[in-house]
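Let us take a friendly walk through this fold, from its overall build down to a few side chains. Please keep the viewer open as you read.

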Amino acid sequence: MHRWHHWLLMGLLVTGLGWGPSLPAQAASHQTKGLILDAARKYYSVASLKRLITTVHRGGGTFLQLHLTDDSRFGVENARLGQTVAAARKRGDVYYNRRTGLAFLSKRQLRSLVVYGHQRKVEVILEIDTPGHTRALIKLMKTSSAANRQLAATITHQNELTLHAKQTLPFVKSLLGEYTGLLYRGQHLAIGGDEYSASTQATQPTTVSYTNGLNRYLRGKGLKTTMWNDGLMKADLRRIDHNIRVVYWSYDGETGNSQTAKAHRQIRATLPELNRAGFQTLNANFWYLYVIPRPATFKAANVRYWQNDLKRHWTPTVWDKTSHQNLATSKRNLGSAISIWGDGKKTYSQQQVLAKTKPFLDTYFKQ
């Protein structure tokens with residue numbers, strides 16, 4: 001279930017509902033701040049991304065994570081999938097896949113962003129999302145080489161990668177391997193892991209093996225792994241590599257199905273449970289920290305309400321919707337991330353998104 005489908009924040013803002021008592025000032029141990037950008041559903045140019053890097057830097061943030069692949073777009077150059085600069089149509093500084101008509105960032109452009117960020121002490125984290133959100137990836141497989149078409153028949157099921165096929169892990173390693181050389185040693189590469197169909201099973205040995213396999217591959221390349229929290233089940237925590245950094249966006253996945261939400265809450269690890277198990281986390285609380293570029297979001301009254309609500313009711317210890325219970329007080333909860341997340345609609349230009357989200361980013365980074 002895509003995140004924006006059940007994004008209720010603005011509905012609450014309009015009705016003027018509050019979310020509980022004010023919280024005390026955040027403890028000084030939680031310092032890490034950053035921005036996560038959905039750069040798959042909406043294409044952002046190098047110039048736009050550099051502006052966001054500068055925003056993060058000026059706000060005292062330390063990272064910009066780029067969600068580069070999703071169901072609607074595989075937004076980066078990849079030779080294995082046949083999406084290359086050589087085969088693209090170029091208009092200005094933008095490369096377009098001739099088959100899909102969609103824009104993508106080249107490897108050279110990605111490297112320039114990594115360097116630009118590094119010079120400003122902002123880590124640019126590239127996210128290649130699997131095993132879910134892979135409809136666009138699979139489309140590229142099926143429209144490129146005969147070998148890819150044959151492989152797609154083996155490792156895909158209902159627009160996802162299946163983890164039961166032994167070829168899936170080597171294939172994804174080959175995809176990630178095209179980006180490991182673009183990063184500085186010790187930086188993170190994000191492997192996704194969110195909103196995939198098997199996420200209601202209490203124990204998932206194939207997911208554990210897949211996750212550890214990608215992590216160990218990246219560690220062998222001198223990099224670190226970060227991923228979303230969806231696939232981290234309580235029963236499996238002891239078997240999952242604890243040197244993976246977890247971005248915690250939702251306990252129940254914000255699904256509209258109450259039974260599925262209840263099931264998720266029974267089997268998924270809470271943010272404090274991850275910390276106790278030894279994982280480092282970043283709090284990306286969906287209800288407070290997601291900005292969806294749609295008209296209701298940017299109404300002046302809603303912006304003011306959100307700014308006030310963030311200041312009064314949220315700190316990086318508040319991780320489960322608006323609940324002020326079971327707060328994440330461990331030093332392993334490193335900090336937080338605000339997200340600009342697309343809704344799949346072409347409502348605003350890049351420049352408009354950057355301008356309209358500025359009040360949200362300014363408030364968050366001053367928090």
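Two residues are in contact when heavy atoms of theirs lie within 4.5 Å. With that in mind, consider the predicted model shown here. Of the contacts in the protein with a separation of 6 or more, 77% are between residues 24 or more positions apart.

**Overall build**

The protein has 12 helices and 14 strands. Its C-alpha atoms fill a box of roughly 60 × 50 × 40 Å along the principal axes. How does the radius of gyration fit a compact globule? For 367 residues such a globule would have a value near 21 Å, and the protein has 20 Å, which agrees. Buried residues make up 57% of the 367 residues.

**The nonpolar cores**

The largest nonpolar core has 86 residues. Leu37, Phe74, Phe171, Leu176 and Tyr179 have the most contacts inside this core. Helix H12 (residues 350–366) gives the largest share of the core, six residues. A second, separate core has 16 residues, among them Trp249, Trp287, Tyr290 and Leu334.

Neighbours within four places in sequence aside, Leu37 is in contact with Tyr44, Leu49, Leu52, Leu64, Gln65, Leu66, His67 and Ile340.

Which of its residues are buried? They include Ala136, Leu137, Ile138, Leu140 and Met141. The cover over the buried residues of H4 includes strand S6 (123–130), helix H5 (146–155), strand S7 (156–157), strand S8 (160–161) and helix H6 (168–176).

**Aromatic rings**

The structure holds 12 aromatic pairs. One aromatic cluster is formed by Trp228, Trp249, Phe286, Tyr290 and Trp341. Two arginines lie over ring faces: Arg89 over Tyr96, and Arg245 over Phe63.

| Arginine | Ring | Distance from the ring centre |
|---|---|---|
| Arg89 | Tyr96 | 4.8 Å |
| Arg245 | Phe63 | 5.6 Å |

Asn333 belongs to strand S14 (residues 333–340). Is Asn333 buried or exposed? Its relative accessible area is 0%, so Asn333 counts as buried. The side chain of Asn333 makes a polar contact with the side chain of Thr281, at 2.9 Å.

Why does Thr357 count as buried? Thr357 is buried because its relative accessibility is 1%, and the cut-off for buried is under 20%. A polar atom of the Thr357 side chain lies 2.7 Å from the backbone oxygen of Val353. The backbone oxygen of Leu354 is 3.5 Å from a polar atom of that side chain. An α-helix has 3.6 residues a turn, so residues three or four places apart point the same way.

Which residues does Thr357 touch, not counting those up to four places away in sequence? They are Val291, Phe298 and Ile340. Ile340 is also in contact with Leu37. Finally, Thr357 and Ser45 are 312 residues apart in sequence and 17 Å apart in space, C-alpha to C-alpha.

Technical notes
Residues are numbered from 1 along each chain as its sequence is written. This is a predicted model: local features need pLDDT of at least 70, side-chain atom pairs count only at pLDDT 80 or more; totals for chains, interfaces and linings use all residues. Side-chain values use heavy atoms; hydrogens and water are left out. A nonpolar core is a set of buried Ala, Val, Leu, Ile, Met, Phe, Trp, Tyr and Cys residues joined through side-chain atoms within 4.5 Å. Buried means under 20% relative accessible area, exposed over 50%, partly exposed in between (1.4 Å probe, protein chains only). Helices (H or I, at least four residues) and strands (E, at least two) are DSSP runs, numbered from the N terminus. Rings of Phe, Tyr and Trp (its six-membered ring) pair if their centres lie within 6.5 Å; planes under 30 degrees apart count as stacked, over 60 as edge-to-face and the rest as tilted. A charge sits over a ring if NZ of Lys or CZ of Arg is within 6 Å of the ring centre and within 35 degrees of the ring normal. A polar contact is a pair of N or O atoms within 3.5 Å; within protein, one must be able to donate a hydrogen and the other to accept it, and residues adjacent in sequence count only if both atoms are side-chain atoms. The radius of gyration is taken over C-alpha atoms; the globule rule is 2.2 Å times the number of residues to the power 0.38.
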